[in-house]
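Colleague: I am new to this structure and would like to go through it with you, one question at a time. Could we begin by looking at it together?

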Amino acid sequence: MHAASGNRPLRVGAACAARGLCRGLPLLDADAALTGYAQKSLRLVSIAARFAAGSPVRHEETVRELHTIIHCLNGGLPGRSASVRLTARAAYALARGVLLATSELTARTDTGAGGDHAAAFMPAGEAIRASARFIDSALDEAIAGGDAYRLSAARQVDRDVVEAHRDAHPLGLPFDASESGPMGPLWPAGAPGWYRDCGHALRTRAQPAVRRAALAV
C-alpha cells in the first residue's frame, strides 16, 4: 500500500482504537463483577465507530454517555489482572479522546471558528493514541503461545490501513471501522478461543465519502 502524506487523522485513529478495544472487551466481560463496565465499554466502541464514520451524533447525549464511561473507568479497576486494568485504561482514554474531539467539533460549528485548527485537536489525538497503546499492552498480556500470530496478523492489517489513510487534515475523511470496511475482519487469522463476538458494536453506517473541503471546521 502506498502511504498518503500527512499524519494519522483522528477518524482513522478512533477506528483503530475502537477495533482494538473491541478485541479486548471479553477480558472485562469474563469477570461477572465487571459486566456493567464491559457494557459501557461496548457502547463506547459504538460511539467511537460512529465518530470515525462521520455520522452525526447528538452532542449532549454523547457527552453524557462519555462522562459516565470516564467516571466509571477512571480508576483503572485496581486489584484486577494486568490485562483487565489495561483494558479499562484503554476504554477511559478512548472515551476521553472522542469526548474532546466531538466537543471541539461542536464548538467550532457553533462559533464558526476557522484557521489552522490542527493544534486544537491534539489533546484528542493524544488520548486516542494512548487508548491504542493500552489495549495493545492488554492483549499482549492476555494472548500468548499459539494464539500470538492471530494478534500479530490483526495488528499488521491495522498498521497497513492506517498508513494508507494518512491525511494532512486533523480529522480526515469519514472512515468505516466495521468488518465490511477497509480493515476487514476484526481477527483476520481467526479469533482466540476466549474471544466472544463484540464486533456488532462496530457496525455503523458510514457516511459517503465527502470532498476534503467539506471537512473544514
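Colleague: Are W187 and Y195 buried or exposed?
Modeller: This is a predicted model, in which local features need pLDDT of at least 70 and side-chain atom pairs count only at pLDDT 80 or more, while totals for chains, interfaces and linings use all residues. Residues are numbered from 1 along each chain as its sequence is written, and side-chain values use heavy atoms, with hydrogens and water left out. On the scale used here, buried means under 20% relative accessible area, exposed over 50% and partly exposed in between, with a 1.4 Å probe and protein chains only. By that scale, W187 and Y195 are both buried.

Colleague: What kind of aromatic pair do W187 and Y195 form?
Modeller: Rings of Phe, Tyr and Trp (its six-membered ring) pair if their centres lie within 6.5 Å, and planes under 30 degrees apart count as stacked, over 60 as edge-to-face and the rest as tilted. The count by this rule is 1 aromatic pair. The ring centres of W187 and Y195 are 5.7 Å apart and their planes stand at 65°, so the pair is edge-to-face.

Colleague: Which residue lies over the face of W187?
Modeller: A charge sits over a ring if NZ of Lys or CZ of Arg is within 6 Å of the ring centre and within 35 degrees of the ring normal. Over the face of F51, that residue is R11, at 5.2 Å from the ring centre. For W187, at 5.8 Å from the ring centre, the residue is R23.

Colleague: How far apart are the end C-alpha atoms of helix α2?
Modeller: Helices (H or I, at least four residues) are DSSP runs, numbered from the N terminus. The expected span is 1.5 Å times one less than the number of residues. Helix α2 has 19 residues, 35–53, and should therefore span 27 Å, which agrees with the distance between its end C-alpha atoms, 27 Å.

Colleague: Is K40 buried, exposed or partly exposed, and which is its helix?
Modeller: The relative accessibility of K40 is 30%, so K40 counts as partly exposed. The C-alpha atoms of K40 and I70 are separated by 9.8 Å, although the two residues are 30 residues apart along the chain. The helix that holds K40 is α2.

Colleague: Which residue just after α2 takes a positive phi?
Modeller: The helix α2 covers residues 35–53. Just after α2, a positive phi of about 75° is taken by G54.

Terms used: Helices (H or I, at least four residues) and strands (E, at least two) are DSSP runs, numbered from the N terminus.
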